[in-house]
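Here is a short briefing on one protein model. Keep the sequence and the 3D view open as you read.

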Amino acid sequence: MTGPADAFENVVEIRNLWTVFKSPDGDQVVHRDLNLVIRRGEVLSLVGGSGTGKTVLLRQILGLEHPDKGEVSVLGRQPGHFRGMAAANVGMLFQHGALFSAFSVLDNVAFPLRELQVFPDQLIRDAALVKLQMVGLDAQQAAKSPSDLSGGMIKRVALARALIMDPPLLLLDEPTAGLDPESADGFCDLLSGLHRELGLTVVMVTHDLDTLFDLSTRIAVLADKKVIVTGTARDVITYPHPFIHEYFLGGRGQRAMEALHEKR
Ligand SMILES: Nc1ncnc2c1ncn2[C@@H]1O[C@H](COP(=O)(O)OP(=O)(O)OP(=O)(O)O)[C@@H](O)[C@H]1O
């Protein structure tokens, strides 16, 4: 099956991007002349210190924010220009799931389709149930309220909602944050399977090195207000930069590196 992403080898193109936040204390430059291309089918992870603008970049790809200068294009168009169909092109898994607490699981997943006011309700419910099944949840869980779910289940429901319109591009903000190691492993396995089966392009922000090494096909490192290096885990780890040295070769990085060696 071919889809909208098949026509584009570069699913996301970010060219000469500047992001500046104005405040009474002066302007805060977050991105300065940042460039990044995300190719079809890859799992590109964004890594960087706190406040380097990783989440802002995801929001710009989604079209929720716009750069001060430069260009972001998704499938050849500016993200804000999907005319209400953004969810059909880009699915977003927010850090804390962002479910509506007053809605059932099923209604949360169905929400983006209902918003379109195009499809009959039975079809929408069936589509939501199929997506819940894809993330390992059954009809019994569909009737529950988000407050009855574990952290891992909330992430799964939020993922089902992000995928409801079969978007070719999926954005993940800290997908395993707050999960215990077993749930985090299970969620990584699920993401990895869906990436393969659905042929998704994925952009992920994560601070968790296990998740990073498990899922990424390529890593982009943000420092000095731009992308300083992109490549495989091995490529970026050997790039000479103080942030990379501290991040990957400090105590926690060493442990993750040992785990990476054990896997191969
Ligand atoms: N709407 C906004 N108005 C003003 N400043 C903002 C806004 N959104 C983000 N910022 C600032 O931009 C910087 C980058 O924020 P962002 O959340 O993207 O960082 P991050 O790399 O995701 O950090 P972390 O890893 O800690 O989540 C931060 O200093 C943040 O305070």
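How many nonpolar, polar and charged residues does the shell around the ligand have? The shell has three nonpolar, six polar and one charged residues. Here Ala, Val, Leu, Ile, Met, Phe, Trp, Tyr, Cys and Pro count as nonpolar, Asp, Glu, Lys and Arg as charged, and the others, Gly among them, as polar.

This is a predicted model: local features need pLDDT of at least 70, side-chain atom pairs count only at pLDDT 80 or more, and totals for chains, interfaces and linings use all residues. Residues are numbered from 1 along each chain as its sequence is written.

**Ligand shell**
- F21, V30, G48, S50, G51, T52, G53, K54, T55 and V56 surround the ligand (C-beta atom, placed from the backbone, within 6 Å of it).
- Helix α1 (residues 54–62) gives the largest share of this shell, three residues.
- Helices (H or I, at least four residues) and strands (E, at least two) are DSSP runs, numbered from the N terminus.

**Sheet**
- Six strands form an open, mixed sheet in the order β5-β6-β7-β3-β8-β9.
- Strands β5 (90–93) and β9 (226–231) stand at the edges with a single partner strand each, so one side of each lacks a neighbour in the sheet.
- Strands β3 (residues 43–48) and β8 (residues 218–223) pair in the parallel sense over five bridges; pairing takes at least two DSSP bridges.
- G48 stands opposite L222 in β8.

**Helix α3**
- R114 is found in helix α3 (residues 105–116).
- R114 counts as partly exposed because it has 15 C-beta neighbours inside 10 Å; 20 or more would be buried, 12 or fewer exposed, with C-beta atoms placed from the backbone.
- The C-alpha atoms of R114 and I38 are separated by 30 Å.
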